[in-house]
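Please walk through this protein with me, helix by helix. Keep the structure open as you read.

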Amino acid sequence: MGTSPPPGGGTPQSNQELAKQLAAKEGHQDWTTGQQWTDWVQLWTKESSWNQNALNPSSQALGIAQALDHGNKDGSTTGTKEIQGKKRNEYGTDTGISVQQAIAANNCEAGSQILWGIGYIAQRYKDPSAAWAHETKNNWY
């Protein structure tokens with residue numbers, strides 16, 4: 001990771017198209033078709049409806065990938081955005097995105113949220129189908 005993604009954002013369809021482009025650039029072409037793609041779409045549809053401004057009312061997870069507590073607590077290096085009266089700093093550099101990308105993700109920029117999510121899924125689950133299996137079993141991923 002580390003390349004600057006196009007901003008994206010807007011409709012779920014445009015964010016899904018951006019996800020396909022970014023996954024291919026990150027070496028996950030196999031995520032963009034077949035069961036992997038179906039499972040990825042289901043995962044983030046359930047989590048955020050592919051909305052970069054989504055905020056989970058119970059957990060406070062933010063954005064398309066629904067990051068939670070991955071940014072540094074004071075926001076000094078990964079930015080914050082005030083949403084519903086609280087500063088959010090949920091996307092961090094832990095999945096290989098740059099500080100600039102984490103700041104953009106915390107400020108509801110779709111491309112950086114998607115890049116973070118690709119890294120998160122790859123590190124934690126290997127692929128979207130494994131992440132979706134965990135989601136359906138545990139109601140979180």
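This is a predicted model: local features need pLDDT of at least 70, side-chain atom pairs count only at pLDDT 80 or more; totals for chains, interfaces and linings use all residues.

Start with the core. The largest nonpolar core has 33 residues. Which residues have the most contacts inside it? They are Trp40, Trp44, Trp50, Ile114, Ile121 and Tyr141. Two or more residues each come from helix 1, helix 2 (34-48), helix 3 (99-106), helix 4 and helix 5 (128-138). Helix 4 gives the largest share, seven residues.

Now take helix 4 with its partners. Helix 1 spans residues 12-25, and helix 4 spans residues 110-124. The two pack at an angle of about 50°, and their axes are 10 Å apart. Angles of 65 to 115 degrees count as roughly perpendicular and those under 35 as roughly parallel. Helix 1 and helix 4 are therefore oblique to each other. Their crossing is right-handed. On the helix 1 side, the contact is made by Asn15, Leu18, Ala19, Leu22 and Ala23. Helix 4 answers with Ala110, Gly111, Ile114, Leu115 and Ile118. By class, this contact of helix 1 with helix 4 has eight nonpolar residues, two polar ones and no charged ones.

Turn next to helix 2. The axes of helix 2 and helix 4 come within 13 Å and cross at roughly 115°. This crossing of helix 2 and helix 4 is right-handed. Helix 2 brings Trp40, Leu43 and Trp44 to the meeting. Helix 4 brings Ile114, Gly117, Ile118 and Ile121. Sorted by class, the contact of helix 2 with helix 4 divides into six nonpolar residues, one polar and no charged. Ile114 and Ile118 of helix 4 take part here, and Ile114 and Ile118 also take part in the contact with helix 1.

What does Ile121 touch, not counting residues up to four places away in sequence? The list is Trp31, Trp40, Leu43, Trp44, Lys126, Asp127, Pro128, Ala131 and Tyr141. Trp40, Trp44 and Tyr141 are also among the core residues with the most contacts.

One of those partners, Lys126, deserves a look at its backbone. Lys126 is found in the loop between helix 4 and helix 5. Its phi is near 85°, a positive value in a residue other than glycine. Is Lys126 buried or exposed? Exposed is the label for anything over 50%, and Lys126 has a relative accessible area of 63%, so Lys126 is exposed.

Asn139 lies in the segment after helix 5. Phi of Asn139 is near 65°, again a positive value in a residue other than glycine. With a relative accessible area of 53%, Asn139 is exposed.

Go back to helix 2 for Glu47, which has its place there. Leaving aside neighbours within four places in sequence, Glu47 is in contact with Gln66, Glu135, Trp140 and Tyr141. Glu47 and Gln100 are 53 residues apart in sequence. In space they are 24 Å apart, C-alpha to C-alpha.

End at a strand. Lys86 lies in strand 2 (residues 86-88). At 45% relative accessibility, Lys86 counts as partly exposed. Gln60 is 26 residues away from Lys86 along the chain, and their C-alpha atoms are separated by 9.7 Å.

Notes
Residues are numbered from 1 along each chain as its sequence is written. Side-chain values use heavy atoms; hydrogens and water are left out. Axes are lines fitted to C-alpha atoms, for helices over the stretch in contact, and angles run from 0 to 180 degrees between N-to-C directions. Helices (H or I, at least four residues) and strands (E, at least two) are DSSP runs, numbered from the N terminus. Angles under 35 degrees count as roughly parallel, over 145 as roughly antiparallel, 65 to 115 as roughly perpendicular and the rest as oblique. A crossing is left-handed if the near helix is turned anticlockwise from the far one by less than a right angle, and right-handed if clockwise. Contact means heavy atoms within 4.5 Å. Ala, Val, Leu, Ile, Met, Phe, Trp, Tyr, Cys and Pro count as nonpolar, Asp, Glu, Lys and Arg as charged, and the others, Gly among them, as polar. A nonpolar core is a set of buried Ala, Val, Leu, Ile, Met, Phe, Trp, Tyr and Cys residues joined through side-chain atoms within 4.5 Å. Buried means under 20% relative accessible area, exposed over 50%, partly exposed in between (1.4 Å probe, protein chains only).
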